[in-house]
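Me: I am new to this structure and would like to learn how to read it step by step. Could we begin with a single residue and then widen the view to the whole chain?

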Amino acid sequence: MSPLSAAIILLATLVTAFISGIFGMAGGLILMGVLTALLPVATAMIVHGAIQMVSNGWRAWLLRGQIDWAIFARYAAGSVGAVLLLVLLAWRPNKTVVYLLLGLTPLMVWVPRKLIDLDIQKRGQAEAAGFIVQALNTLAGVAGPLLDLFFVRTDMTRQAIVATKSATQVLAHLVKIAFWSLPILAAAGEIYIPPLWLFALVIPLSMTGTWLGGLVLERMSDVNFKRWMRWLVTVIGLVYLARAAGFL
């Protein structure tokens, strides 16, 4: 890995962890795009999963008192079905498909409530979220905007939303790492894996960015939180669609 690529990854880790520390999402979308541009898809998925596990895990720990463990348990139950389906299909997308999925996923925040009324607190919806979000997160690397659809219409506080989403995403990224590690193990080391020192550096950077983002979250109102989150992920999605179409 060149020094420039390593520097870009380290800087992107800090900045995206800061963004995710505020919104509980969006940062992962940006980081996935950076890694996919610099690394093979399987490698990018594994590196992204490791970074996001630390970022989400640290965020969940900082807000551990706000986690709704009942919702997490129901989400985990639904994710089991997704894992079994993905193992049976054994399909992994290329870079163009990944960019397409990354571009379409954020636009889901604009789905009209009358068309599809999602609320993760309602019966069966946490399980459905676990199944759908786990499948998309494993294939595209990120599924935060889709997961947000299940939270944005609840009566939960912004802290509870970020904390519970973070807990579910620790599980989601753990599954993603395992799924994308299989082709690397089968290739007997032929697929590039970044050096261990890079992982050692991104962990404290991810934790620092998450902590700084949490400070901003405390100063933001629930109304502004949801408004800015929607517009931010929309812009990111449009950029990825342009990338998938070859315009960028």
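Reply: Let us start with Asn224, which sits in helix α10, a helix that covers residues 222-244; please keep in mind throughout that this is a predicted model.

Me: Is Asn224 buried, exposed or partly exposed?

Reply: A residue is called buried under 20% relative accessible area and exposed over 50%, with partly exposed in between. Asn224 has a relative accessibility of 30%, so Asn224 counts as partly exposed.

Me: Which secondary structure does the protein chain have, and in what pattern along the sequence?

Reply: The protein chain holds 10 helices and zero strands, and reading along the sequence gives the pattern α-α-α-α-α-α-α-α-α-α. Its radius of gyration is 17 Å, close to the 18 Å that the globule rule gives for 248 residues, so the protein chain is as compact as a globular protein of that length. Taken along the principal axes, the box filled by the C-alpha atoms is roughly 50 × 40 × 35 Å.

Me: How much of the protein chain is buried, and what share of the contacts joins residues 24 or more positions apart?

Reply: Of the 248 residues in the protein chain, 52% are buried. Among contacts with a separation of 6 or more, 85% are between residues 24 or more positions apart.

Me: What can be said of the accessible surface and of the positive and negative side chains?

Reply: The accessible surface of the protein chain is about 11,000 Å², and 73% of that belongs to carbon and sulfur atoms. As for charge, there are 18 positive and 9 negative side chains, with the centres of the two sets 5 Å apart.

How values were computed: Residues numbered from 1 in each chain as written. Predicted model: local features only at pLDDT ≥ 70, side-chain atom pairs only at ≥ 80, totals over all residues. Heavy atoms only, no water. Helix = DSSP H or I, 4+ residues; strand = E, 2+ residues; numbered from the N terminus. Rg over C-alpha atoms; globule rule 2.2 N^0.38 Å. Buried < 20%, exposed > 50% of the residue type's maximum accessible area, 1.4 Å probe, protein only. Contact = heavy atoms within 4.5 Å. Areas by Shrake-Rupley, 256 points an atom, 1.4 Å probe, with all protein chains shown as cover. Lys, Arg positive; Asp, Glu negative; His and termini not counted. Charge placed at Lys NZ, Arg CZ, Asp CG, Glu CD.
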